[in-house]
Amino acid sequence: MALVEAAALTRAFGNRRAVDRIDLAIAGGECLALFGPNGAGKTTLLRLLAGLLRPTAGQARVDGVALPGGAAARAVVGLISHQTMLYPALTALENVEFAARLHGVPNATAAARGALGRLAIADRADTPVRALSRGMQQRVTVARALVHSPRVLLLDEPFTGLDDAGSSTLAETLAELAREGAALLLVTHDVREGLALATHVAVMRRGSIALHEPRIASGEPDAFVRRYREIVSA
Amino acid sequence: MSADLITGPTVVATEATTREEHRPIPPSLVTAAWLIARKDMVVELRTRTALLAALALSLLSIVIFNFAWDPTAVAALDLAPGLLWVIFTFSGLLGLHRAFGVEQADRAMDALLGAPIPRTAIYAGKALGNLALVLLVQLVSIPAALVVYNLEIARVILPLGGIALLAGIGLVAVGTLFGAMTTSTRASELLLPVLALPFFVPVVTAAAQATARLMGGRPVNETIGWLKLLAAYDIIFVVACAFAYTVIADE
């Protein structure tokens with residue numbers, strides 16, 4: 001069964017359709033890498049699937065629950081967006097622990113320490129977030145999103161600000177989550193990172209899905225980049 | 001072989017039990033509200049942005065008014081009640097604006113809205129945090145006003161505390177909702193007072209009238225009508241604003 005489903009999902013802002021009749025399905029263990037130029041509607045799609053926006057038309061389901069869906073749908077989703085979604089005055093541990101408690105994770109402190117350890121930032125657990133570099137903050141952001149072991153991960157440019165080591169750690173963590181059965185929707189401009197993780201690939205253009213295919217059909221990154229450029233400039 | 005047959009199901013059952021035991025159970029409305037309020041209080045105590053600004057505004061206003069009015073023309077007892085409640089209203093606005101502001105800077109609001117908690121818990125948590133700030137400002141400002149204006153109110157301190165609490169709840173109930181509505185707008189600092197102040201009029205009027213009667217040595221039962229008005233206002237606006245927040249949060 002697909003953990004993420006969308007059927008004719010549409011969201012309009014005034015007369016402009018940011019997301020226009022999108023159909024997609026992501027099963028557990030799959031990672032859909034979503035590419036597209038700025039303003040294509042990728043972030044709006046993620047916010048719809050996270051239950052942060054109401055669709056203008058169409059339907060979406062997460063783990064079988066129709067969105068916006070209330071607490072049941074939100075409990076299984078982990079979201080990483082452009083911003084860190086952290087409190088600069090709190091320490092890394094306090095930020096992740098707060099998220100764990102809001103999700104009702106048992107032994108929230110231990111779970112938060114575990115999530116920070118997974119992102120190789122446990123040694124900075126007691127540092128206020130405002131004192132961390134952008135890359136370190138991004139690791140805390142990812143730890144916050146993973147602390148409740150979500151079955152669905154919605155990732156908007158998760159590699160932002162990360163150095164090579166951080167990118168590798170995150171890529172390994174995401175691959176491990178997919179192997180554990182999570183469904184991943186990865187929005188990124190980094191084609192190589194996206195293709196490396198993806199089981200499926202999609203391209204959004206002007207609110208619609210212009211391409212959706214299994215990763216194996218996308219070929220080498222350079223070839224995919226050429227096709228991508230043709231699609232978005234068409 | 002037989003050992004495997006015995007061990008196998010036992011291990012599976014244990015793992016299933018462990019998974020069940022570790023399955024996250026989202027917090028109740030009250031627990032979630034307390035978590036949010038406690039987080040806001042910790043953030044405020046570390047940054048001291050709203051608290052120091054509200055205290056400074058409140059104390060400076062008390063001192064400035066002391067020098068600005070002629071005590072031989074208007075007695076302190078006549079002026080202080082209204083003055084105090086106007087000061088509390090404006091100093092409280094600083095905190096009300098800040099409450100949702102801390103969620104906007106790095107879009108932490110998205111994480112709150114994405115958590116499996118009732119929307120009402122976010123409103124209640126923010127309101128609780130705001131109430132703590134308003135009551136703390138009152139706790140410091142009321143004794144300061146008593147000293148500066150040379151007022152004697154030891155015998156009515158408890159009823160006065162009751163008025164402060166009831167009025168504080170009313171101000172915070174409405175102010176928290178408008179804070180949520182205006183925080184992502186470009187002119188939020190201007191919009192919040194413009195929207196909220198008309199709704200504060202009944203609270204400030206009732207609180208000032210009740211305070212004036214208490215300070216003037218009138219019997220406590222003369223304030224009952226104003227206290228009932230404050231209590232009714234609190235009940236209506238806490239319920240209405242909590243419901244309204246669930247609607248605006250989803251939009």
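Residues are numbered from 1 along each chain as its sequence is written, while chains are lettered from A and ligands numbered from 1 in the order in which they are written. Since the model is predicted, local features need pLDDT of at least 70 and side-chain atom pairs count only at pLDDT 80 or more, whereas totals for chains, interfaces and linings use all residues.

## The two chains

Chain A contains 8 helices and 10 strands, whereas chain B has 9 helices and 0 strands; helices (H or I, at least four residues) and strands (E, at least two) are DSSP runs, numbered from the N terminus. Along its sequence, chain B accordingly reads α-α-α-α-α-α-α-α-α. The radius of gyration of chain B is 24 Å, well over the 18 Å of the globule rule for 251 residues, so chain B is more spread out than a compact globule. For chain A the radius of gyration is 17 Å, close to the 17 Å that the rule gives for 234 residues, so chain A is as compact as a globular protein of that length. The radius is taken over C-alpha atoms, and the globule rule is 2.2 Å times the number of residues to the power 0.38.

| Chain | Box, roughly |
|---|---|
| Chain A | 50 × 40 × 35 Å |
| Chain B | 100 × 40 × 30 Å |

Buried residues make up 53% of the 234 residues in chain A and 44% of the 251 residues in chain B, where a residue is buried if 20 or more other C-beta atoms, placed from the backbone, lie within 10 Å of its own, exposed if 12 or fewer, and partly exposed in between. Among contacts with a separation of 6 or more, residues 24 or more positions apart account for 67% in chain A and for 87% in chain B; two residues are in contact if their C-beta atoms, placed from the backbone, lie within 7 Å.

## The sheets of chain A

One open sheet of chain A has 4 strands in the order S2-S1-S4-S5, with antiparallel pairing, and two strands count as paired if DSSP finds at least two bridges between them. Its edge strands, each pairing on one side only, are S2 (16-27) and S5 (65-66) of chain A. Strand S1 (residues 2-13) of chain A is joined to S2(A) by 8 bridges, with A:Ala2 opposite A:Ala27 in S2(A), and S1(A) is joined to S4(A) by 5 bridges, where A:Val4 has A:Val62 as its bridge partner. A further 2 bridges join S4(A) to S5(A), and A:Arg61 is partnered there with A:Ala66. The hairpin of S4(A) and S5(A) has 2 residues between the strands, and in this hairpin A:Asp63 takes a positive phi near 50°.

A second open sheet of chain A has 6 strands in the order S6-S7-S8-S3-S9-S10, with mixed pairing. S6 (77-80) and S10 (208-214) of chain A are the edge strands, and the twist averages 15° from one strand to the next. Strand S3 (residues 31-35) and strand S9 (residues 200-205) of chain A pair in the parallel sense over 4 bridges, and A:Phe35 is partnered with A:Val203 in S9(A). Helix H1(A) packs on this sheet, touching S3, S7 (152-156), S8 (183-187) and S9 of chain A, and its direction makes about 150° with that of S8(A). Axes are lines fitted to C-alpha atoms, for helices over the stretch in contact, and angles run from 0 to 180 degrees between N-to-C directions.

## A helix pair in chain B

The axes of helix H7 (residues 157-182) and helix H8 (residues 188-215) of chain B come within 9 Å and cross at roughly 170°. H7(B) and H8(B) are therefore roughly antiparallel to each other, a term that applies to angles over 145 degrees, with those under 35 counted as roughly parallel, 65 to 115 as roughly perpendicular and the rest as oblique. The residues that meet include B:Leu160, B:Ile163 and B:Phe178 in H7(B) and B:Leu195, B:Phe199 and B:Val203 in H8(B). By class, the residues of this contact divide into 17 nonpolar, 6 polar and no charged; Ala, Val, Leu, Ile, Met, Phe, Trp, Tyr, Cys and Pro count as nonpolar, Asp, Glu, Lys and Arg as charged, and the others, Gly among them, as polar.

## Where the chains meet

The contact between the chains takes 28 residues from chain A and 25 residues from chain B. On the side of chain B that touches chain A, helix H2 (29-47) and helix H5 (108-114) of chain B each supply at least two residues, and H2(B) gives the largest share, 7 residues. That side of chain B has 16 nonpolar, 3 polar and 6 charged residues.
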